[in-house]
Amino acid sequence: MPHMITKHRRPVLFVVSLALMAVVVVACAGGSTTTSSGSIAEPMNAPSNANQQKSVAPHSPQQYLIKSLNITMEAKDTQRAASDLQAWISTTDPLSTAENINYQQVGDNLYNISMSFSVQATLYPRIESYLNSYPAQHNGRLISTTKSTQDVSGDYVDTQSRLKNLRGEQARLLTLLGHTTALGDILAIDQRLTDVEGQIEQIEAHLNQLNGQVSFYTIAISLQPSQAVLTPPAAAWSPGKIWQDAVGAAGAFAQVLITMIIWLAVFSVYIIPLVLIVWFVLRWRRLHTGRPLPYAANIHHQRPLSEE
């Protein structure tokens, strides 16, 4: 009996062993599949990680730009256009300033007008767009537009760095000056401190100038009357117009003539005595030189003819 039980147990153990081996094989296969799928999924996620690094990467250094705009346009009424533009810019940018406004007369109530404004850098694009569209919206013509941009980022950053270093040196010199007792050292430190403070003042002035130039941009506007206004068409021949011109010329000539008569009348108190004096002098000289006056000579020549 025991021998038969042992005999039946061996096939059972063999079957159980095969089942365990199958489970192990399946588990290994699943682990390898999971590992391979994980290795495949990693490259798929690589671009997203790169994008994430790109978005997390620090921003590029700030640019410090100096911009200017020169725009020339034609307008039928340059004075009205100048007033409209100045009012619009002042309303759009309350911090803007009008630097130069010049008028040059080129005709009867016609002017070339040039204006210069300093506007905030943040509002510069809006003002530029409005100026470019203004001539077409007001029956004018845009002649030219010139823009310039200067990158002063290097100068700006370098100036800030130099100012920071000089202020650090100034602080160190002040500390040394407070702990120094030797007269020679005090004089040397004081001289160096004076030089550093002078450089700080110059650099601060330059930095303030850069701050103003990168915070406010310059816009120059030139307004010209349209050619149709400058050169109106020639008027047709009109007898009435000619009559008016002739009457006007006659009136002007009469005014000149009357003016001359009035001047002569006023100065006659000087002219008449002067003429009389000259006449008496000439007469006296002829009487004393024995030369007859022209009137007397004529009478002398005429007497013999009457006697005959």
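Let's begin with serine 153, a residue of helix α4, which covers residues 153-179. Keep in mind as you look around that this is a predicted model. Is serine 153 buried or exposed? Its relative accessibility is 13%, and because buried means under 20%, serine 153 counts as buried. If you set aside residues up to four places away in sequence, serine 153 touches Gln62, Gln63 and Tyr64.

In soluble globular proteins, nonpolar side chains tend to be buried together. Here the largest nonpolar core has 21 residues, and Leu85, Met115, Leu131, Ile219, Ile221 and Leu223 have the most contacts inside it. Two or more residues of this core come from each of β1 (65-75), α2 (78-92), β3 (110-120), α3 (124-137) and β5 (216-225). The biggest share, five residues, comes from α3.

Which residues does methionine 115 contact, leaving aside its neighbours within four places in sequence? They are Ala82, Leu85, Asn100, Ile101, Ile219, Ala220, Ile221 and Leu223. Apart from this core lies another, made of 15 residues, including Tyr64, Ile66, Ile200 and Leu207.

Finally, how confident is the prediction? The protein chain has an average pLDDT of 79, and 72% of the residues score at least 70. Over residues 1-9, pLDDT stays under 50, and the model has zero contacts beyond four places in sequence for them. Residues 28-57 also stay under 50, again with zero contacts beyond four places in sequence.

Notes. Residues numbered from 1 in each chain as written. Predicted model: local features only at pLDDT ≥ 70, side-chain atom pairs only at ≥ 80, totals over all residues. Heavy atoms only, no water. pLDDT = per-residue confidence, 0-100. Contact = heavy atoms within 4.5 Å. Helix = DSSP H or I, 4+ residues; strand = E, 2+ residues; numbered from the N terminus. Buried < 20%, exposed > 50% of the residue type's maximum accessible area, 1.4 Å probe, protein only. Core = buried A, V, L, I, M, F, W, Y, C linked by side-chain atoms within 4.5 Å.
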